[in-house]
Amino acid sequence: MIRRQPVSATADHAEERTNPAARLGFQPGQVVQEIGYDDDVDQELREAIEGVIESDLVDEDYDDVADAVVLWFRDDDGDLTDALVDATTYIEEGGAILLLTPKTGRSGYVEPSDISEAATTAGLTAAKSVSVGKDWSGSRLATPKAAKSKR
């Protein structure tokens with residue numbers, strides 16, 4: 001009996017499984033704004049995102065709208081709801097926020113219930129959560145389309 005491994009039709013599908021930036025939905029040509037950068041961020045994830053979007057991340061001083069926002073947030077960074085509301089002002093309609101928080105047991109850990117509550121209060125829905133590195137977890141947050149179209 002021959003056992004066959006399922007194979008992907010293209011290399012792109014394989015990359016989506018191995019590259020966290022691709023798994024999180026980043027696409028070539030997107031403008032991605034980064035908020036909350038500090039010495040503790042995951043440089044490999046940053047480089048993976050830049051590789052997928054084929055450009056550098058733009059910083060907090062970027063003065064146009066972005067396709068997505070990467071928000072590094074630690075428990076002592078202030079109010080998460082405020083940070084999420086602020087982040088929504090930086091993105092295109094239908095854009096997403098990748099909220100990155102330290103994993104359990106790491107300095108700055110944020111409780112999942114706090115993330116859920118802040119996202120709901122900010123008018124966002126959690127589309128996907130994923131481990132994005134040794135020290136960071138990511139939550140992909142999206143603005144409901146109905147809410148966006150009423151603005």
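This is a predicted model: local features need pLDDT of at least 70, side-chain atom pairs count only at pLDDT 80 or more; totals for chains, interfaces and linings use all residues.
User: Which residues gather in a patch of negative charge on the surface?
Analyst: Glu60 sits in the loop between helix H3 (43-53) and strand S2 (66-72). Its relative accessibility is 43%, so Glu60 counts as partly exposed. The patch that includes Glu60 is made up of Asp59, Glu60, Asp61, Asp63, Asp64, Glu92 and Glu93.

User: How far from Asp42 is the nearest side chain of opposite charge?
Analyst: Asp42 lies in the loop between strand S1 (32-35) and H3. Asp42 is buried and has no salt bridge. A salt bridge needs a nitrogen to oxygen distance within 4 Å. The nearest side chain of opposite charge is that of Lys103, at 8.0 Å.

User: Which residue has its backbone nitrogen 2.9 Å from a polar atom of the Asp42 side chain?
Analyst: Asp42 has no salt bridge, although Asp42 is buried. A polar atom of the Asp42 side chain does lie 2.9 Å from a backbone nitrogen, and that nitrogen belongs to Leu45.

User: Is Ile91 buried or exposed?
Analyst: Ile91 is found in strand S3 (residues 91-102). The cut-off for buried is under 20% relative accessible area. Ile91 has a relative accessible area of 6%, so Ile91 is buried.

User: What distance separates the C-alpha atoms of Ile91 and Thr143?
Analyst: Ile91 belongs to strand S3. Along the chain, Ile91 and Thr143 are 52 residues apart, and their C-alpha atoms are separated by 9.9 Å.

User: Which residue forms a salt bridge with Arg74?
Analyst: Arg74 has 8% relative accessibility and therefore counts as buried. The closest N and O atoms of the pair are 2.9 Å apart, and the partner is Asp77.

User: How many residues apart in sequence are the parts that Arg106 and Asp135 tie together?
Analyst: The side chains of Arg106 and Asp135 meet in a salt bridge, with 2.7 Å from N to O. Arg106 lies in the loop between S3 and helix H5 (112-121), and Asp135 lies in the loop between strand S4 (125-131) and strand S5 (136-142), so the parts tied together are apart in sequence by 29 residues.

How values were computed
Residues are numbered from 1 along each chain as its sequence is written. Side-chain values use heavy atoms; hydrogens and water are left out. Patches are made of residues with over 30% relative accessible area and no salt bridge: like charges are joined within 9 Å, nonpolar side chains (Val, Leu, Ile, Met, Phe, Trp, Tyr) within 5 Å. Accessible areas come from the Shrake-Rupley method with a 1.4 Å probe; for residues, only the protein chains shown count as cover. Lys and Arg count as positive and Asp and Glu as negative; His and the chain ends are not counted. The place of a charge is taken as NZ of Lys, CZ of Arg, CG of Asp or CD of Glu. Helices (H or I, at least four residues) and strands (E, at least two) are DSSP runs, numbered from the N terminus. Buried means under 20% relative accessible area, exposed over 50%, partly exposed in between (1.4 Å probe, protein chains only). A polar contact is a pair of N or O atoms within 3.5 Å; within protein, one must be able to donate a hydrogen and the other to accept it, and residues adjacent in sequence count only if both atoms are side-chain atoms.
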